[in-house]
Amino acid sequence: MDIVDKNIEYLVIGNPICHSKSPQMQNAAFEYHKLGRPYGKLLLEREELGEFAEFLRKNLKGCNITVPFKEAIMPFVDEIDPLALQAKSVNTILNKNGKLYGYSTDGFGLENSLRENFGMTVGGKSVIFVGVGGAAQAIAWHFASLGVKKLYLINRSIERAESLGSAIKQNYPDIEIVTSLLADTERLGQAIQVSDVIIQATSLGLKESDAAPFDFELLFLNKKIKVVDLIYHATPLLNFAEKNQFDYTNGKDMLVYQGAKSFEIWTGLQAPIDLMRAALDD
Ligand code: NDP
């Protein structure tokens, strides 16, 4: 595996990877602690994951994994944190003396974003996920571990919502779980009426031409509901939330806090949150 810059000790891997802002964010944290700029990015094909894991074992201190490899990397990791194992998602690897340890920090990221933006803790709350792909699954498992009261798992394809719902229920029998199709507007309306937060976790909204993931007018059924879009920038949903004075946040703080947790796992040092956030805007 050919890494041109020999100063690199950490990488984010994915495909595509050119859009990733993790290097600028993580390097701000390393520089703050006078550790240089050791974090780079690497485009990989799925067939290269095994070779990459060996490279990591011999040459790097850690890495982040992004779409689409958070599950595919798991067979190459020696020890996986129980939550990451449940969520079938590893976004952080620590290399300790040649042994690879895997973690999922996405749920921690959103937990802290909710705390910072809304003063909200997850315990005892009702939470709607619109879209239950990889990111939502990691978050849902983390929220389950924090004592969430009720999860609405709403997805275009019902099978994905149902298999997530039944796996969480097996491990956390006290959590109420409702699954439904994204197309079922009535169910979504009912969920909105009784929930504390709605998390838009589909990939819709990344492109301007994308359809709306759901009918935003349904939010008027509960003016107190907090609105989250996991996408880092303004989306039609967030524009609607702003115009109509809902409390809302995008995925930027989740990105910052999941990265901060990775940094702390690798270095044992406190992550400079504000610097990392500012670095994302550079
Ligand atoms: P996945 O590909 O794993 O999941 C995509 C989700 O979007 C699935 O629920 C899928 O439904 C749904 N979806 C895709 N296309 C459509 C469509 N046309 N209509 C309805 N539903 C659709 O992606 P991730 O979970 O990894 O990422 C989801 C979003 O979260 C992305 O926008 C990503 O940028 C963001 N993200 C943000 C992070 C942050 O730190 N802020 C971290 C990770 C992700 P189905 O199951 O039916 O295919």
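Which polar backbone atom is 3.0 Å from a nitrogen atom of the ligand? That atom belongs to L230. G134 places a backbone N or O atom 2.8 Å from a ligand oxygen, and in S157 an N or O atom of the side chain is 2.8 Å from an oxygen atom of the ligand. On its own the ligand exposes 920 Å², and the protein buries 79% of that area; accessible areas come from the Shrake-Rupley method with a 1.4 Å probe.

Before going on, the conditions. This is a predicted model, in which local features need pLDDT of at least 70 and side-chain atom pairs count only at pLDDT 80 or more, while totals for chains, interfaces and linings use all residues. Residues are numbered from 1 along each chain as its sequence is written, and side-chain values use heavy atoms, with hydrogens and water left out.

Back to the site. The ligand is surrounded by 22 residues, where a residue counts if one of its heavy atoms lies within 4 Å. The closest are A135, N155, R156, S157 and R160. By class, the shell has 12 nonpolar residues, eight polar and two charged; Ala, Val, Leu, Ile, Met, Phe, Trp, Tyr, Cys and Pro count as nonpolar, Asp, Glu, Lys and Arg as charged, and the others, Gly among them, as polar.

Now the domains, with bounds from an automatic or database domain assignment. Domain 1 covers 10-104 + 254-280, and domain 2 covers 107-250. Their C-alpha centres lie 25 Å apart. The contact, defined by heavy atoms within 4.5 Å, takes 11 residues from domain 1 and 17 residues from domain 2. Between them the domains bury about 1200 Å², 64% of it on carbon and sulfur atoms; that is the accessible area (1.4 Å probe) that the two parts lose on being put together, summed over both. On the domain 1 side, Q86, M254 and Y257 supply 50% of the area buried against domain 2, more than any other three residues. The ligand shell also draws on both domains, with at least three residues from each.

Last, the backbone. Most peptide bonds are trans, and most residues other than glycine have a negative phi. The bond from N15 to P16 is cis, with omega near 5 degrees, and so is the bond from V67 to P68, with omega near 5 degrees. N97, which is not a glycine, has a positive phi, near 50 degrees.

Conventions. Polar contact = N/O pair within 3.5 Å; in protein donor to acceptor, adjacent residues only side chain to side chain.
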